[in-house]
Amino acid sequence: MSAGGVTPSFNPLSPFIMAKRTLAAKTSPKTAASAPAGDAERTLHLSLLRSMLLQRRFEERCAEAYAIGRIGGFCHLYIGQEAVSTGTLSHLRPDDYMITTYRDHGQALARGITPRAVMAELFGRIDGCAGGKGGSMHMFDKETGFLGGHGIVGGHLPIATGVGFAIKYRGGDQVICCFFGEAAVNNGAFHEALNMAALWKLPVLFIIENNRYGMGTSVERASAINDIYQRAASYNMHRAMVDGQDVLAVRSAIEEAVGRARSEQSPTLLEMRTYRFMGHSMSDAVSGTYRSKAELEEYLKRDPIALLRAHMEERGTLTEQVMQELDTEIKAIVQDAWDFAEASPEPPLEALMEHVYVDTTSDTGNSAGGWS
Amino acid sequence: MAIITYRDALNQALREEMQRDARVFLMGEEVGVYQGAYKVSKGLLQEFGEMRVVDTPITELGFAGVGVGAAMVGLRPIIEFMTWNFALLAMDQVVNVAAKLLYMSGGQFNIPIVFRGPNGAALQLGAQHSQAWESWLAHIPGLKVVAPGTPYDAKGLLKAAIRDDNPVCVLEGEMLYNNKGEVPDGEYIVPLGVADLKRVGEHCTIVTWGKQVLVAMAAADQLAKDGITVDVVDLRSIRPLDERAIIDSVRKTNRCVVLEEGWYFAGVGAQITDLVQRECFDDLDSPVIRVTQADAPMPYAKGLEKAAKADMPKTIAAVRRVLYLD
């Protein structure tokens, strides 16, 4: 899709104006000129709103749980970036795959891991989606093709290329979506993974969640070019910059990239311009050291949930009452997840030495996950 | 029984396992068109095609990760490192991913992958191409590590490694590829974690593995001329470790020398010495002695390189020392 009409340039305080977007409200021909909303649109947009709101409310409770010691270790919240996970994963099939970084709670929920299993994992309990052995940074769920939250920046990109290789090897038409932050593009693994994915034409979507900061280092202080989706040019790879706060823009970019991956098995690099409304991790102040309060406030104006909500209200697909009901329902779901996690037992001490090795071989019954 | 080279034994193992299981594929630098940097994969591209014998760019971290990803979703990759020296670039994938995914995922994702290639020194290749990495690899819970010293063990262990549902590191030897030995005509497997008593004696136990098995056997021949007979315990697998085989032998001979190719500090021999002092404390008639490479990077100059290596004269001297003969 090349740059999709986007002018490559970078403005830290207005990062979205250059990007592909749909939710620009009144200025968008797509919304202004289109037909009245039908049931299909209402259903879709409500499901996107629900997905993003679930992540938001869930993460808010995670911050609370962390403060009182229910969650330990490193904990990285996804608040502000929900349009990327929802817009992307809402377009995947159940048999597709995804892999991501340590900022993985929101994506786990958006992919369909239950809030109970995610919260129990965060609490380090046996009913967690990794049995309490992974924690915040290492969510896994084979059932939904969630191939993990990975803790080493860039380390999971070659794995995504490998999953793409396996899809091609088996002759399937699945795709793998690989999420990573903009700081990972400066890592050698990024180059190695993208080069092979393009060289071998593999159905991989590399999705940069450009939230502007690798921990506290801004993209301008870390990358020799600021329009980092242009790095795909080195691999002759399709690429685009997308407004990552606009869930419909994300979906539309993903639709195009997924279609190409399924039909031509070619990879795409998408740079989703987004922003985290919280600190890097729980120990990081929201603003004040490496980013200003004024900058944060500017970005808060483009809250992905508020943007979709405003759009739906404009389209007549959402009322204040429905919004309140949805919010109440989701808060109850998150409370249920908390209660479930709290009631779930800690792993027994016998679990310490379980899962270091499997004792099977391809003769005794392979547990490697089958062929599909 | 056919007499074939170590190289051909590995080649047979790869071919047989790829014929047996369509999920098995070979990936690495020069494995296809070039027929393998050491010709281990000779003929495989022609037989299995380029989807199953995959030439990669020079990108160790990248293709090790590709293997891990493919293994996560059901394939059974064999990743060839041209040498284990180059695998240092891939250590994040080997250590942080392949070894840990089963555990971190609470048992959901096991990684049936083989990482293989020559390990240790050849001749005058200098410091960066002459390193033995088994102590690094065996240090990691989640990895299995094998080091065959003979064609028979090379074929049997590689087949077992390919069939194992865990990540297995197979440490071959550049200086072993041309060595010949007996290999049965029919199908066989050498199970992981089972040592082999390569020589039976009574005065001392030499514990070793991989290429050093040949050094130990040559030392045993020399020692026998002076009436000293030794057990040579070839571990074959370093992890899992066949502790029983070591203990049984040392309890019989009451003396132990550990011969390893790599460096002294925190080497595999330290682990074995720990085992022997715990399990055979009352059986030992002398301290355990370790024969290792000199504690320095490998030099290029011929004389210095020879002096650095854990060779036959040093092994003989160690055995004589635990027997209080010198």
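Analyst: Here is a quick tour by chain, starting with how the model is set up.
Analyst: This is a predicted model, where local features need pLDDT of at least 70, side-chain atom pairs count only at pLDDT 80 or more, and totals for chains, interfaces and linings use all residues. Residues are numbered from 1 along each chain as its sequence is written, while chains are lettered from A and ligands numbered from 1 in the order in which they are written.

User: OK, what's the secondary structure of chain A?
Analyst: Chain A has 12 helices and eight strands. Those are DSSP runs numbered from the N terminus, with helices being H or I of at least four residues and strands being E of at least two.

User: And how much of chain A is buried?
Analyst: 53% of its 372 residues. Buried means 20 or more other C-beta atoms within 10 Å of a residue's own; exposed is 12 or fewer, partly exposed is in between, and the C-beta atoms are placed from the backbone.

User: What's the strand order in the chain A sheet?
Analyst: S2-S1-S3-S4-S8-S7, an open sheet of six strands with parallel pairing. The edges are S2 and S7 (238-243) of chain A, each pairing on one side only. Twist averages 15° from one strand to the next. Pairing here takes at least two bridges found by DSSP between two strands.

User: What packs on that sheet?
Analyst: H6(A) does, touching S1, S2, S3 (176-181) and S4 (204-210) of chain A, and its direction makes about 170° with that of S3(A). Contact means C-beta atoms, placed from the backbone, within 7 Å. For the angles, axes are lines fitted to C-alpha atoms, for helices over the stretch in contact, and the values run from 0 to 180 degrees between N-to-C directions.

User: How many bridges between S1 and S2 of chain A?
Analyst: Two, in the parallel sense, with S1 covering residues 97-100. A:Thr100 has A:Gly149 in S2(A) as its bridge partner.

User: Where does A:His150 lie?
Analyst: In the loop between S2 (146-149) and H6 (157-170) of chain A.

User: Switching topic: which residues in H11(A) are buried?
Analyst: A:Pro304, A:Ile305, A:Leu307, A:Leu308, A:His311 and A:Met312. They cover an arc of only 165° around the axis, so they sit on the same side of H11(A). That arc is taken from the directions from the helix axis to the C-beta atoms.

User: What comes just after H11(A)?
Analyst: A:Gly316, with a positive phi of about 75°.

How values were computed:
Two residues are in contact if their C-beta atoms, placed from the backbone, lie within 7 Å.
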